[in-house]
Amino acid sequence: MSFSELFGYRYIKRFYFARFISNFGNGMSPIALAFGILHLPNGDANLLGLVLGSTTVAMLVMSPFGGVLADKFGRIKAVGLADLCASAGLFVQVAFFATGNVPVIVLLLVNINFGLMWGIFWPAMSGVLPALVPDEHLQKTNSVNNFFSNGAIILGAAVGGIIVAGWGSTWALAIDAATFVIGGSVLF
């Protein structure tokens with residue numbers, strides 16, 4: 001199977017574009033969030049650990065239910081909706097970072113929301129490609145998806161570092177939130 005045949009499937013180009021954009025933001029996010037929290041007046045490593053830990057715990061709590069929700073409402077819709085809901089919370093966080101004062105409760109609520117959306121996203125994501133291409137082409141489409149996704153994360157981390165160094169973490173967090181809006185919208 002050639003790449004022209006692979007990209008000939010309906011919606012596959014949109015899917016790859018959405019994943020690339022969203023993962024580009026995923027690459028920026030940890031760098032921007034870490035520097036953003038550490039630059040807050042009350043920011044320290046403990047707060048950063050608490051925020052990142054809350055995201056992980058929320059994802060682990062939601063993951064068993066994420067697949068059920070994806071089966072009930074549709075995998076692609078679940079992935080797109082998770083991206084859009086995550087971006088809404090991230091924009092709230094960006095608004096607070098722009099003021100220079102982010103209450104701990106805002107950091108926790110936004111990142112718990114993000115973790116819950118990840119808990120829906122990842123189980124739903126595992127069933128999207130099988131819905132878009134026949135089983136005999138799944139291996140190649142998965143490899144191309146992983147190539148684009150990993151490349152986007154690496155590129156996003158590099159660009160995120162440049163943006164944080166040049167313009168500050170708020171800009172990088174805003175771009176990250178925007179990538180989820182673009183990725184989720186393209187999937188719909």
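Trainee: How many salt bridges does the structure hold?

Mentor: The general idea is a side-chain nitrogen of Lys or Arg within 4 Å of a carboxyl oxygen of Asp or Glu. Here there are two. Before we look at them: this is a predicted model, where local features need pLDDT of at least 70 and side-chain atom pairs count only at pLDDT 80 or more, while totals for chains, interfaces and linings use all residues. Residues are numbered from 1 along each chain as its sequence is written, and side-chain values use heavy atoms, with hydrogens and water left out.

Trainee: Okay, which residue forms a salt bridge with R19?

Mentor: D83 does, with the closest N and O atoms 3.4 Å apart. That pair links distant parts of the chain: R19 sits in helix α2 and D83 in helix α4 (residues 75-99), 64 residues apart. Helices here are DSSP runs of H or I with at least four residues, strands are runs of E with at least two, and both are numbered from the N terminus.

Trainee: Is R19 buried or exposed?

Mentor: First the scale: buried means under 20% relative accessible area, exposed over 50%, and partly exposed in between (1.4 Å probe, protein chains only). R19 counts as buried because its relative accessible area is 2%. D83 is buried too, at 3%.

Trainee: And what about the salt bridge of D71?

Mentor: D71 pairs with R75, the closest N and O atoms being 3.1 Å apart. D71 is exposed at 55% relative accessibility, whereas R75 is partly exposed at 36%.

Trainee: Let's move to T55. Where is T55 found?

Mentor: In helix α3, which covers residues 45-73. T55 has a relative accessible area of 10%, so it counts as buried.

Trainee: Which backbone oxygen does the T55 side chain reach?

Mentor: For a polar contact, look for a pair of N or O atoms within 3.5 Å; within protein, one must be able to donate a hydrogen and the other to accept it, and residues adjacent in sequence count only if both atoms are side-chain atoms. In this case the T55 side chain reaches the backbone oxygen of V51 at 3.2 Å.

Trainee: Which residues is T55 in contact with, leaving aside neighbours within four places in sequence?

Mentor: Contact means heavy atoms within 4.5 Å. On that basis, T55 is in contact with N111, F114 and G115.

Trainee: One more: what does L38 touch, not counting residues up to four places away in sequence?

Mentor: G43, D44 and A45. L38 itself lies in helix α2 (residues 12-38) and is partly exposed, with a relative accessible area of 40%.
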